[in-house]
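Reader: I have a fold on my screen and want to learn how to read it. Can we take it feature by feature?

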Amino acid sequence: MSKFEITIDGQALWVDPGTTILNAANAAGVIIPTLCYVPAKTVEHPCGICVVEVDDREDLLPACSTLVEDGMKVATQSDRVTESRQRVLTSMLSRHYGD
Ligand code: FES
């Protein structure tokens with residue numbers, strides 16, 4: 001099976017089909033924050049903290065569950081990504097009490 005060529009934060013990578021963006025990034029040393037991600041588990045209510053920007057997609061995508069596609073260009077640190085993660089954290093903290 002041939003590999004897909006993708007770009008994460010400008011870094012070109014060759015990745016096996018079926019790999020998530022999160023795993024491809026981790027293998028390349030790019031850290032994407034996660035909260036609900038557990039390897040090999042499906043999460044009922046995704047937290048959305050791992051979102052990334054993919055150049056041809058209107059919506060941000062969850063890196064932990066989105067599979068790479070050939071030619072995909074991923075940004076893990078854009079303003080849009082940072083704002084989305086901040087919104088998720090603010091919302092979580094506004095509902096969190098007891099600790
Ligand atoms: S880590 Fe929660 S949706 Fe990806």
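Reader: Start with the hairpin. Which strands form the hairpin, and how many residues lie between them?

Author: This is a predicted model, so keep that in mind throughout. β1 and β2 make the hairpin, with 2 residues between them. Look at Asp-9 in the turn: its phi is positive, about 50 degrees.

Reader: In which sense do β1 and β2 pair, parallel or antiparallel?

Author: The general idea comes first. Strands of a sheet pair through backbone hydrogen bonds, in either a parallel or an antiparallel sense. Here β1 (residues 4-8) and β2 are antiparallel, joined over 5 bridges.

Reader: Now the whole sheet. In what order do the strands form the sheet?

Author: Read across: β2-β1-β5-β3-β4. The 5 strands form an open sheet, and the pairing is mixed.

Reader: Which strands stand at the edges?

Author: β2 (11-15) and β4 (61-62) do. Each has a single partner strand, so one side of each is left without a neighbour in the sheet.

Reader: How many bridges join β3 to β5?

Author: There are 2 bridges between β3 (residues 51-54) and β5 (residues 73-75), and these strands run antiparallel. Val-54 is the residue opposite Val-74 in β5.

Reader: Which helix packs on the sheet, touching β3 and β5?

Author: That is helix α2 (residues 79-95). Compare directions: α2 makes about 155 degrees with β3.

Reader: Back to Val-74. Is it buried or exposed?

Author: Count the C-beta atoms around the residue. The cut-off for buried is 20 or more others within 10 Å. Val-74 has 27, so it is buried. Among its contacts beyond four places in sequence are Ile-6, Ile-8, Ile-21 and Val-52.

Reader: How far is Val-74 from Cys-50?

Author: Their C-alpha atoms are separated by 12 Å. Along the chain, the two residues are 24 apart.

Reader: Which residues touch the most other members of the largest nonpolar core?

Author: Ile-21, Val-52 and Ala-63 do, in a core of 18 residues. Next, ask where the members come from. β1, α1 (21-27) and β3 each supply at least two. The largest share, 4 residues, comes from α1.

Reader: What is Ala-63 in contact with, leaving aside neighbours within four places in sequence?

Author: Its contacts include Ile-21, Leu-22 and Ala-25. Cys-50, Val-51 and Val-52 are also among them.

How values were computed
Residues numbered from 1 in each chain as written. Predicted model: local features only at pLDDT ≥ 70, side-chain atom pairs only at ≥ 80, totals over all residues. Pairing = 2+ DSSP bridges. Contact = placed C-beta atoms within 7 Å. Axes fitted to C-alpha atoms, helices over the stretch in contact; angles between N-to-C directions. Core = buried A, V, L, I, M, F, W, Y, C linked by C-beta atoms within 7 Å. Buried ≥ 20, exposed ≤ 12 C-beta atoms within 10 Å, placed from the backbone.
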